[in-house]
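Please look over the sequence and the structure below before reading on.

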Amino acid sequence: MSESVNSLPKAQREMRTVGIWEGVSFLLLLFVAMPLKYYAGFPKAVSVVGMIHGVLVIVFLYTIVNSIQSSGLSIRKGLIAFLASLLPFGTFFLDKLVFEKK
């Protein structure tokens, strides 16, 4: 990363942190909770992890909008961040896609 994380505006640091947690919850849902549901007969795993992931998605969307409004993140980069959150491992590439200066 060419720019230090600490030099990012607070709203963008929060967006980055929530994005990482959202990405982790997505991977847990896909690779832990779903197999537990379908191969181990434990559907509660999807209910719990799915709820946590859903809340983190909403918080992540809020932090994207907040970053656009308060710290000058472009709408284009906000859209890239949102699209990255739809892909497994996507939010882990946000530093390169969104926060690096081009």
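## The nonpolar core

In this predicted model, the largest nonpolar core has 11 residues in all, namely Leu 8, Met 15, Val 18, Phe 60, Ile 64, Leu 73, Ala 81, Ala 84, Leu 94, Val 98 and Phe 99. A nonpolar core is here a set of buried Ala, Val, Leu, Ile, Met, Phe, Trp, Tyr and Cys residues joined through side-chain atoms within 4.5 Å, where buried means under 20% relative accessible area, exposed over 50%, and partly exposed in between, with a 1.4 Å probe and protein chains only. In soluble globular proteins, nonpolar side chains tend to be buried together.

At least two residues of this core come from each of α1 (10-40), α2 (44-71), α3 (75-85) and α4 (94-99), and α4 gives the largest share, three residues. Such helices (H or I, at least four residues), like strands (E, at least two), are DSSP runs numbered from the N terminus. If neighbours within four places in sequence are left aside, Ala 81 is in contact (heavy atoms within 4.5 Å) with Met 15, Phe 60, Ile 64, Leu 94 and Val 98.

## The aromatic cluster

Two aromatic pairs are found when the whole structure is searched. Rings of Phe, Tyr and Trp (its six-membered ring) pair if their centres lie within 6.5 Å, and planes under 30 degrees apart count as stacked, over 60 as edge-to-face and the rest as tilted. The pair of Phe 31 and Phe 89 is tilted, because the ring planes are at 35 degrees, with the centres 6.5 Å apart. Since Phe 31 lies in helix α1 and Phe 89 in the loop between α3 and α4, this pair ties together parts that are 58 residues apart in sequence.

Phe 89 and Phe 92 also form a tilted pair, with ring centres 6.4 Å apart and planes at 50 degrees. Together, Phe 31, Phe 89 and Phe 92 make one aromatic cluster. Phe 31 is exposed at 53% relative accessible area, while Phe 89 at 43% and Phe 92 at 33% are each partly exposed.

Apart from neighbours within four places in sequence, Ala 84 is in contact with Gly 90, Thr 91 and Leu 94. The C-alpha atoms of Ala 84 and Leu 97, which are 13 residues apart along the chain, are separated by 9.0 Å.

## Notes on the model

Residues are numbered from 1 along each chain as its sequence is written, and side-chain values use heavy atoms, with hydrogens and water left out. Because the model is predicted, local features need pLDDT of at least 70 and side-chain atom pairs count only at pLDDT 80 or more, whereas totals for chains, interfaces and linings use all residues.
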